[in-house]
Amino acid sequence: MNPSTFWMQVRDWTARCIGVLLVCSLTACNMNPLPRNMNLKAFDPHRTDFACKHEAEVNPPISPEAEALFQQGMAATSYELIWPQDTRNYAKAAQLWQQATATGHWKAAMNLAGLYEQGLGVERDTEKAVLLVEGLMKQGVPAAFDKMGTYHQRGVGVKGDTSRAYAFWQLAADMGSAASQGYLGQKTSGTYDNPSQGFWGNRKVALEMLECGAAQGDGKAAFELGVTIDGDDASIGENYASSLKALHNGVKFGSAKSANYLSASFSRAEPLSGNAVDRDRSKRYSLFGDALELNPDLRFPNLDKVLPLPPAALPVWDGKRETLIDAAKGLIPAPVPKPTSGAQRTGRAHIPQAHVLAPPSQPMQPAETAALVPRDGYWLPRLHAVRRDHERVWEQVQVPQRYAQGEAFEPVSRASMGQYATVAARTVWHYVGEAVPVTQHVHPLVIRGIARVTRVPEPRVECRGHRPCPRIGIWFGDLPDNHPLATRYNRWDRQAYLEAGQSFPDPAALQLEVAAGEVRWLWCDNANQARPSGIVDVTLTDLSGAKGPPSL
């Protein structure tokens with residue numbers, strides 16, 4: 001072979017290799033592709049089966065410390081804050097969510113990605129947003145795959161590609177993402193295919209997806225489930241009852257669309273509303289819709305307290321929006337107060353429960369025994385000079401005593417000194433402060449205005465879920481921590497308002513293989529009050545147990 005020809009072939013072969021490597025570096029054939037470029041199974045709108053999974057089972061665990069940081073960030077950006085007067089502190093939220101993300105809080109990482117995506121509180125940086133989501137994808141977080149689908153659909157930080165977006169959503173739905181289950185369930189719930197309009201006809205699988213998403217407490221999935229059933233051609237009474245229940249649950253799960261849909265249905269005679277006009281129900285659903293439009297974070301697990309499904313009669317309501325909304329919110333049990341120092345003492349030594357002594361801001365001169373008390377507060381007896389063991393022992397058992405200004409200090413017994421009682425040094429009183437309330441921890445959900453506090457009545461009343469409800473009021477349900485499905489079932493809003501004799505919610509409705517008797521229900525009162533005439537009024541129970549306006 002001619003040497004020049006040989007070297008020309010070598011150069012051509014080398015160029016082709018470099019070209020292949022360059023192409024691979026820019027496409028999915030990269031030896032170590034990023035999650036955004038991962039190989040995906042093509043979206044199949046006509047799939048024949050779907051296995052329901054719940055994302056709570058696969059999400060990484062969250063520590064209490066990380067959750068506290070996350071909730072502080074949520075409070076800083078709460079919908080309850082005034083808008084648009086810049087009272088929402090996104091910069092503070094970004095700092096808090098960065099700290100929470102560093103300790104493994106996947107929700108904080110998702111929210112932080114949203115801030116980078118929109119440029120709220122941080123400089124807009126879509127690459128950082130995508131990297132955060134990719135980090136969660138590597139941990140197997142279903143919501144991250146759902147978000148990556150949205151990024152591909154909108155071209156955020158990646159090249160826009162609708163086909164890959166749907167493929168990501170399909171994967172996320174199969175992994176347990178309630179958001180993807182609701183979205184794809186709606187997209188495939190048509191009676192025929194119309195890809196140009198973005199929907200396909202696969203009603204069977206669509207309903208399975210929507211039911212799975214709704215079982216996870218997703219309001220959008222519950223709404224789509226309700227309207228899909230309501231729109232079925234088969235006008236069967238059972239269908240309307242199922243649709244009504246799904247939409248009602250949608251309101252509980254935070255769907256403004258569900259509330260507005262039901263408000264419209266009850267304002268006119270429709271099969272969904274029993275072919276009767278019910279303006280009172282319509283008005284109440286409308287108010288819940290308005291509240292959810294203003295604050296999508298709201299949840300109403302106790303909606304049945306103020307708006308039970310027909311044929312149950314509506315309780316009388318005072319007409320105040322706050323009463324209606326607060327009564328339907330979830331409850332947070334107040335922690336059992338721990339005994340504080342001095343609460344068990346009597347007389348001057350008594351310090352009220354949940355109070356501690358606050359030291360004075362400026363030191364005071366000790367007061368002599370015979371002197372009048374110069375200031376309200378607690379005073380501790382001490383000896384002018386301590387030289388002997390029996391004097392030290394005496395001082396160790398003395399406790400602060402409360403005096404009002406102008407009173408005279410009372411003699412303090414020295415009987416414990418025995419034979420030395422009469423020779424001890426004179427008593428000098430030292431001011432140690434006034435009793436102030438202990439700073440109470442306020443639950444983050446209460447700070448955000450989406451829950452209210454209650455006391456758990458004593459003695460505690462508990463019941464297993466397979467028995468009829470023995471008392472009217474709000475009940476908390478949970479599974480033992482060691483139960484294999486506890487992660488799926490146990491949530492802060494797993495609550496129900498029941499009338500006496502009603503059955504507890506069946507776990508089967510949540511697509512859980514849990515026997516009703518395995519669920520423990522705890523009674524938290526908050527029952528509506530009945531007048532002697534039999535009319536029932538919507539009432540709220542405050543922390544002391546008295547009926548009246550909510551005390552937060």
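Author: A definition is needed at the outset: two strands pair if DSSP finds at least two bridges between them. The model under discussion is a predicted one.

Reader: How many bridges join S10 to strand S13?

Author: Two strands count as paired if there are at least two bridges between them. S10 and S13 (residues 520-523) run antiparallel. The number of bridges that join S10 to S13 is three.

Reader: Which residue in S13 is the bridge partner of Glu462?

Author: Strand S10 covers 462-464, and S10 is joined to S13 by bridges. In S13, the bridge partner of Glu462 is Leu522.

Reader: Which strands stand at the edges of the sheet?

Author: The sheet is open and has four strands, paired antiparallel in the order S10-S13-S11-S12. Two of the strands each have a single partner strand, so one side of each is left without a neighbour in the sheet. From one strand to the next, the twist averages 30°. The strands at the edges are S10 (462-464) and S12 (495-498).

Reader: Are H8 and H9 roughly parallel or roughly antiparallel to each other?

Author: The axes of helix H8 (residues 178-187) and helix H9 (residues 203-215) come within 8 Å and cross at roughly 150°. Angles over 145 degrees count as roughly antiparallel. The crossing of the two helices is left-handed. H8 and H9 are therefore roughly antiparallel.

Reader: How many charged residues has the contact of H8 with H9?

Author: In H8, residues including Ala178, Leu184 and Gln186 meet residues of H9, among them Ala206, Met209 and Cys212. By class, this contact has six nonpolar and five polar residues, and the count of charged residues is none.

Reader: At what angle do helix H6 and helix H7 pack?

Author: Helix H6 spans residues 142-154 and helix H7 spans residues 162-175, with their axes 8 Å apart. The crossing is left-handed. The packing angle is about 165°, and that makes H6 roughly antiparallel to H7.

Reader: How many charged residues has the contact of H6 with H7?

Author: Among the residues of H6 that meet H7 is Asp146, and among those of H7 that meet H6 is Arg164. Asp and Arg count as charged. By class, the contact has nine nonpolar and five polar residues, and its charged residues number two.

Reader: Is Lys138 buried or exposed?

Author: Lys138 lies in helix H5 (residues 126-138). A relative accessible area over 50% counts as exposed. The value for Lys138 is 66%, so Lys138 is exposed.

Note on methods
Residues are numbered from 1 along each chain as its sequence is written. This is a predicted model: local features need pLDDT of at least 70, side-chain atom pairs count only at pLDDT 80 or more; totals for chains, interfaces and linings use all residues. Side-chain values use heavy atoms; hydrogens and water are left out. Axes are lines fitted to C-alpha atoms, for helices over the stretch in contact, and angles run from 0 to 180 degrees between N-to-C directions. Angles under 35 degrees count as roughly parallel, over 145 as roughly antiparallel, 65 to 115 as roughly perpendicular and the rest as oblique. A crossing is left-handed if the near helix is turned anticlockwise from the far one by less than a right angle, and right-handed if clockwise. Contact means heavy atoms within 4.5 Å. Buried means under 20% relative accessible area, exposed over 50%, partly exposed in between (1.4 Å probe, protein chains only).
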